[in-house]
Amino acid sequence: AHFGFSQCKKLLKRAEDGFFAVALHHLLEAIFAEARGADLAAQIADHELRSAAVGAENGFDVFTGLISVNELDGRNVKTFLIDLSGLTPAASRHGAAHRRGALDAAAYRERMRQEIARVIRLQDELGLDVLVHGEPERNDMVQYFGEQLAGVAVTELGWVQSYGTRYVRPPIIFGDVSRPAPMTVEGLTYAQSLTERPVKGMLTGPVTMLKWSFERDDQPRSATAFQLALAIRDELADLEAAGIGVIQVDEPALREALPLRGDRRRAYLDWAVEAFRLATAGVRDETQVHTHMCYSEFGEILPAIDGLDADVTSIEAARSRMELVRDLEQAGYGREIGLGVYDIHSPRVPPPDEMATLLEEALEAVGPARLWVNPDCGLKTRDYPEVLASLRNMVAAARSVRDGLAAGDPGP
């Protein structure tokens, strides 16, 4: 049973027939449940919290989304911004209690609002300019949306290893995808009501939704991606209508899904870029669209990233020590970009001078008007004290480099 569960996603991906894939999935669930005993469901419900973060019992939280420091210099030129994302473990505990029936709908909604208020207050106190609501209601960046889309199913026990000790329940796309109702508007509009600073919407893009789900095989992958894109497009429209002026559509799987065979890559990138643009092109020009991509070699797909037409793209760069900077210089990339200065898969909190040095390297290729400052990826693997310390250091690094630019000093 352990082997079957840990290999579930690989087996399902190899399945030729869609019906067989679903049947195999249910069979593995039954075997696993039989092996673990009758109390498995309650254990699994609690597992989301236990796998989310260490230290939640001590009140440690990690909040999610893209958090930005956007200050203007004397010439009104935008300079540095800070980006991070991750889960809120305490809120995950509330979600598990709600699914077990230990927390009714009204109490659960109030707990979510409390978490959102706490995160907004923290960001205001830190002096950040573009805030996030913290995503306390979300169990996973793909599963959360899959649970709310028509044509998509999510299992109760179908856990698949993501990395390390992190497990997810990938959705199963079995039919035509559509969005019956808004998915994120309530939490974001509540968050926006708590601050005068802009709060950014956070969505998962169509390519990542497709890649990290068990997809249907009775139509081209591009067709399913376009259906997902239309559902996400509806959400962007509702967020914009509700007054959310900055919206991020994450596509961490864009490079991951690139075919190994070179002769298949152009066709994939064509429909992948088209799906993203289908999802995001309906908003007004003044609505700022962001995207984010995780660890990968991006040099060979920079033209496709540019083709997404996102206003801002945040990408891992700290772990590679700004290796991407050379690719940006060669490609003449002209859009705003956030190059990570903090390796979030390490518990180490980088000091301000180290991050300032990385920023100086990034400035060689990007320039202060287009550069954002952010961690490499989401923060759900980190404890609250690490997050706060890192945020303060990133803000200090950005201010240090900004002050140096204003004084005409090229060094950090």
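Glu-135 sits in the loop between β1 (131–132) and α7 (143–146). Its phi is near 55°, a positive value in a residue other than glycine. Before we go on, please keep in mind that this is a predicted model, in which local features need pLDDT of at least 70 and side-chain atom pairs count only at pLDDT 80 or more, while totals for chains, interfaces and linings use all residues. Residues are numbered from 1 along each chain as its sequence is written, and side-chain values use heavy atoms, with hydrogens and water left out.

Met-322 also deserves a look at its backbone. Phi of Met-322 is near 65°, again a positive value in a residue other than glycine. Met-322 belongs to the loop between β9 (312–315) and α13 (324–331), and at 2% relative accessibility Met-322 counts as buried.

Now let us step back to the whole chain. Its secondary structure comes to 15 helices and 11 strands; here helices (H or I, at least four residues) and strands (E, at least two) are DSSP runs, numbered from the N terminus. Of the 412 residues of the chain, 55% count as buried. Among contacts between residues at least 6 apart in sequence, 74% join residues at least 24 apart, with contact meaning heavy atoms within 4.5 Å.

Gly-175 lies in strand β5 (residues 172–178) and is buried, with a relative accessible area of 12%. Gly-175 and Arg-216 are 41 residues apart in sequence, yet their C-alpha atoms are 7.3 Å apart in space. If we leave aside neighbours within four places in sequence, Gly-175 is in contact with Gly-151, Arg-216 and Gln-227.

Ala-304 is found in helix α12 (residues 302–307) and is buried, with a relative accessible area of 9%. The C-alpha atoms of Ala-304 and Val-273 are separated by 6.6 Å, although these residues are 31 apart along the chain. Beyond its neighbours within four places in sequence, Ala-304 is in contact with Leu-269 and Val-273.

In helix α8 (residues 185–193), the residues Val-185, Gly-187, Leu-188, Tyr-190 and Ala-191 are buried. The buried residues of α8 pack against α6, β6 (199–204) and α10.

Helix α10 (residues 221–241) and helix α11 (residues 265–280) pack at an angle of about 20°, with their axes 7 Å apart. That angle makes α10 roughly parallel to α11. Axes are lines fitted to C-alpha atoms, for helices over the stretch in contact, and angles run from 0 to 180 degrees between N-to-C directions; under 35 degrees counts as roughly parallel, over 145 as roughly antiparallel, 65 to 115 as roughly perpendicular and the rest as oblique. By class, the contact of α10 with α11 has 10 nonpolar, two polar and four charged residues; Ala, Val, Leu, Ile, Met, Phe, Trp, Tyr, Cys and Pro count as nonpolar, Asp, Glu, Lys and Arg as charged, and the others, Gly among them, as polar.

The other helix pair involves α6. Helix α6 (residues 105–126) and helix α15 (residues 384–406) pack at an angle of about 30°, with their axes 11 Å apart. This makes α6 roughly parallel to α15, and α6 passes α15 in a right-handed crossing. Here Arg-118, Leu-122 and Leu-126 in α6 meet Tyr-384, Leu-388, Leu-391 and Arg-392 in α15. By class, that contact has five nonpolar, no polar and two charged residues.

Cys-294 is in no disulfide, and the nearest cysteine sulfur, that of Cys-377, is 3.0 Å away. Cys-294 is buried, with a relative accessible area of 17%, and Cys-377, at 14% relative accessibility, counts as buried too.

Terms used: Left-handed = near helix turned anticlockwise from the far one by under 90°. Disulfide = S-S within 2.5 Å. Buried < 20%, exposed > 50% of the residue type's maximum accessible area, 1.4 Å probe, protein only.
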